[in-house]
Amino acid sequence: MEVNRSISLSQLQQVLGNTLRSNTNLQNVWVTAELSDLRVAGGHCYMELIEKDLGGNTVAKLRAMIWASNLLPLRRKFYSSTGRDISNGLKVMLRGSVSHHNVYGLSFVISDIDPSYTMGDMERLRREILERLQREGILDKNKKLSIPKGSQRIAVISAAGAAGYGDFINQLNSNSEGFKFYPFLFPAVMQGDRTSGSVRCALELVESTIDLWDCVVIIRGGGATTDLNGFDDYELARRIALFPIPVIVGIGHERDRTVLDEIACVRCKTPTAVAAYLIDLLRTSYSIVVDHVRRIAKYSSERLQGENYRLAGIEASIPVIVKARLLKSEKRLNELAYGLEKGTSRVLSRHSDKLLKLVHTLEINVSKFQGREKEQLKMLNYRFEKAIGSFVERRSTQLHNIENMIRILSPENTLKRGYSITRVDGKALRNAITVNEGSVIETTLAKGTIVSTVSGINEK
């Protein structure tokens, strides 16, 4: 019987490694590939090298790394030529050697990079989309919109039930300040070929209710870089660039970038970062309002205090001002009185001689008048006394006649002749139609008064 001869797994791995390392075709060889899942840890850079067919399907994949001793020089070399850092989605030409580890298996250790090699298909597509939007003049159109400081009404475009959407809602609702937000989900497909059309349909629904929203949030959790290809679409990018309200995106991880990140109003690295951004906006708005309220209160208090001081000053100064005005007026009156007295004295002094002459002339004229008119005055006096006596006699006779007539026509004499006076409410009654049945009337006779109640009226 033939005895089976075997080797251990580690021996097999060692033989495999020695075989690969001894093959000169696998050492210091240039390889073109697209970078994916690139990350830096412990100073070393780890990544996946991938190759895709025309349909976008991955047909080859190889683990690769750049050791820390070589990473910084290669990054500087690449950035100085391309203006970009080594990142996911780049299609690059790398030189390296195939290596094999008994535990970690096959890998490609990179020793050099050719910056002249064009970017990979994914990045080239993004650049073409952005350049086209730039030519159309709409690349920064949404970026120039201002997000309301207190954005609370949020239209959210995401996949229903996705972890990223759940993290976003939890972050909003658990904010430490207790701010209230009002998110509403517009479901969309967030992965694969249907991504662009689905998100554009959601945007149409948002725009049909545009007055209800402060901003639009497009969020998706992390995943493989190739899962985000659906966001690198011209039609979707153009729709967002022209959207009438601000768009905030939080797609993938911090290291992931899509076309939407370059054209949206605000780009956040993750869905939770979008929530934190909205909370910060509202916190800033709230702080501004609180600050204004405090300033108004402080200004009002200071203004009232100042006005109280001013009024107190005015109140204290009123007696002083009044006393000063009185003293000033009294002084002015004294000056006027003195001036008037002095002026009058001067006038009298200046015209005294004229006045004396005038008085003397009047005395002479009166003396002459008295001698000549004395007889005339006596005659006038006689005539006046006679006219007065005649006038008094005539008026006395008229008064006597009027007195007799009044006595004859007086109400007492009229009542004595059998007449009476009827009154209603103290007023003499002249017409029966002015009295109503049931009215109380008062009839005055020559002797006594009768009070009656009207039971009937005869107008004739």
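Visitor: Which residue in E10 is the bridge partner of Ile-248?

Guide: Val-266 is the bridge partner of Ile-248 in E10. Before going on, note that this is a predicted model, in which local features need pLDDT of at least 70, side-chain atom pairs count only at pLDDT 80 or more, and totals for chains, interfaces and linings use all residues. Residues are numbered from 1 along each chain as its sequence is written, and side-chain values use heavy atoms, with hydrogens and water left out.

Visitor: What counts as a strand, and what counts as a pairing of two strands?

Guide: Helices (H or I, at least four residues) and strands (E, at least two) are DSSP runs, numbered from the N terminus. Two strands pair if DSSP finds at least two bridges between them. Here, strand E9 (residues 247-251) pairs with E10 in the parallel sense over three bridges.

Visitor: What is the strand order in the open sheet of five strands?

Guide: The order is E7-E6-E8-E9-E10, and the pairing is parallel. Strand E7 (182-187) and strand E10 (266-268) are the edge strands, each pairing on one side only. On average, neighbouring strands of this sheet are turned by 20° against each other, direction ignored. For such angles, axes are lines fitted to C-alpha atoms, for helices over the stretch in contact, and angles run from 0 to 180 degrees between N-to-C directions.

Visitor: Where do the side chains of a regular strand point?

Guide: In a regular strand the side chains alternate between the two faces of the sheet.

Visitor: How many residues does the largest nonpolar core have?

Guide: First, the term: a nonpolar core is a set of buried Ala, Val, Leu, Ile, Met, Phe, Trp, Tyr and Cys residues joined through side-chain atoms within 4.5 Å. Buried means under 20% relative accessible area, exposed over 50%, and partly exposed in between (1.4 Å probe, protein chains only). The largest core here has 32 residues, and Ile-157, Val-216 and Ile-218 have the most contacts inside it. Elements that each supply at least two residues of this core include helix H3 (121-135), strand E6 (153-158), helix H5 (195-208) and strand E8 (215-220). H6 gives the largest share, five residues. Apart from this core lies another, of 24 residues, among them Leu-172, Phe-181, Val-217 and Cys-268.

Visitor: Which residues does Val-216 touch?

Guide: Contact means heavy atoms within 4.5 Å. Leaving out residues up to four places away in sequence, Val-216 touches residues including Ala-155, Ile-157, Leu-203, Phe-243 and Ile-248.

Visitor: How many aromatic pairs does the structure hold?

Guide: The structure holds four aromatic pairs. A pair of aromatic rings is described by the distance of the centres and the angle of the planes. Rings of Phe, Tyr and Trp (its six-membered ring) pair if their centres lie within 6.5 Å; planes under 30 degrees apart count as stacked, over 60 as edge-to-face and the rest as tilted. Phe-186 and Trp-213 form an edge-to-face pair, 5.8 Å centre to centre with 85° between the planes. This pair links distant parts of the chain, with Phe-186 in strand E7 and Trp-213 in the loop between H5 and E8, 27 residues apart.

Visitor: Is Phe-186 buried or exposed?

Guide: Phe-186 is buried, because its relative accessible area is 8%. Trp-213 is buried too, with a value of 13%. Phe-184, Phe-186 and Trp-213 form one aromatic cluster.

Visitor: What sits over the ring of Tyr-234?

Guide: A charge sits over a ring if NZ of Lys or CZ of Arg is within 6 Å of the ring centre and within 35 degrees of the ring normal. In this case the charged end of Arg-132 sits over the ring of Tyr-234, 3.6 Å from its centre.

Visitor: Where does Ala-446 lie?

Guide: Ala-446 lies in the loop between strand E13 (440-444) and strand E14 (449-453). Ala-446 counts as partly exposed because its relative accessibility is 45%.
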